[in-house]
Amino acid sequence: MRYRYIFLLCFMLLGTSCERSEELIAPPADLLSKDRMVSILIDLHLAEAKMSYTGSRKADSIEIIFRNYERAIFDEHSVADSTYFRSYEYYLEHMDQMEQIYTAVVDSFSVMNSLEKAKDLGIANRWFGKTSSHQASWK
């Protein structure tokens with residue numbers, strides 16, 4: 001009987017510790033907006049992509065180069081790295097918001113990719129209302 005109460009108590013404690021704690025986590029005072037997070041994440045992911053083309057195989061070298069990119073990105077966005085990391089951790093705890101952020105990041109990359117393909121095909125000028133030499137002859 002006594003073991004049953006101990007088991008029940010442990011089970012109740014385990015059950016309450018597994019509750020979602022999103023309501024308990026307050027946003028940091030310097031929380032970055034979703035739009036700013038999207039902008040910074042786009043730049044960070046582009047920097048990571050550049051790292052794959054550096055030709056360096058040494059992890060230490062790549063890490064140093066990326067940290068320089070990262071520092072420059074934070075400076076460009078006028079954001080302290082600590083502010084970014086606190087915001088990132090907050091959004092990780094609020095996955096619905098993080099999903100919205102990354103959906104916007106992926107959508108932005110899709111648009112960039114489409115524009116690059118259009119530029120390669122020579123049709124990007126039509127999208128932006130500029131006339132190329134070929135279009136001038138059509139008129």
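**The core and its aromatic rings**

Guide: In the largest nonpolar core, which has 19 residues, the members that touch the most other members are M37, I40, L44 and Y84. A nonpolar core is a set of buried Ala, Val, Leu, Ile, Met, Phe, Trp, Tyr and Cys residues joined through side-chain atoms within 4.5 Å. Two or more residues of this core are given by each of α2 (34–51), α3 (59–76), α4 and α5 (95–121). Helix α2 supplies the largest share, eight residues. Helices here are DSSP runs of H or I with at least four residues, and they are numbered from the N terminus, as are strands (E, at least two residues).

The model is predicted, so local features need pLDDT of at least 70 and side-chain atom pairs count only at pLDDT 80 or more, whereas totals for chains, interfaces and linings use all residues. Residues are numbered from 1 along each chain as its sequence is written, and side-chain values use heavy atoms, with hydrogens and water left out.

Let us now turn to Y84. This residue lies in helix α4, which covers residues 81–93. Y84 counts as buried because its relative accessibility is 4%. The term buried means under 20% relative accessible area, exposed means over 50%, and partly exposed lies in between, with a 1.4 Å probe and protein chains only. Leaving aside residues up to four places away in sequence, Y84 touches L32, M37, I40, L41, L44, F74 and V79; a contact means heavy atoms within 4.5 Å.

Rings of Phe, Tyr and Trp (its six-membered ring) pair if their centres lie within 6.5 Å; planes under 30 degrees apart count as stacked, over 60 as edge-to-face, and the rest as tilted.

The structure holds five aromatic pairs. One of them joins F74 and F85, which are edge-to-face at 6.1 Å centre to centre, with 80° between the planes. This pair links distant parts of the chain, as F74 is in helix α3 and F85 is in helix α4, 11 residues apart. F74 is buried, with a relative accessible area of 4%, whereas F85 is partly exposed at 36%. The rings of Y90 and Y91 have planes at 70° and centres 5.5 Å apart, so this pair too is edge-to-face. Both Y90 and Y91 are buried.
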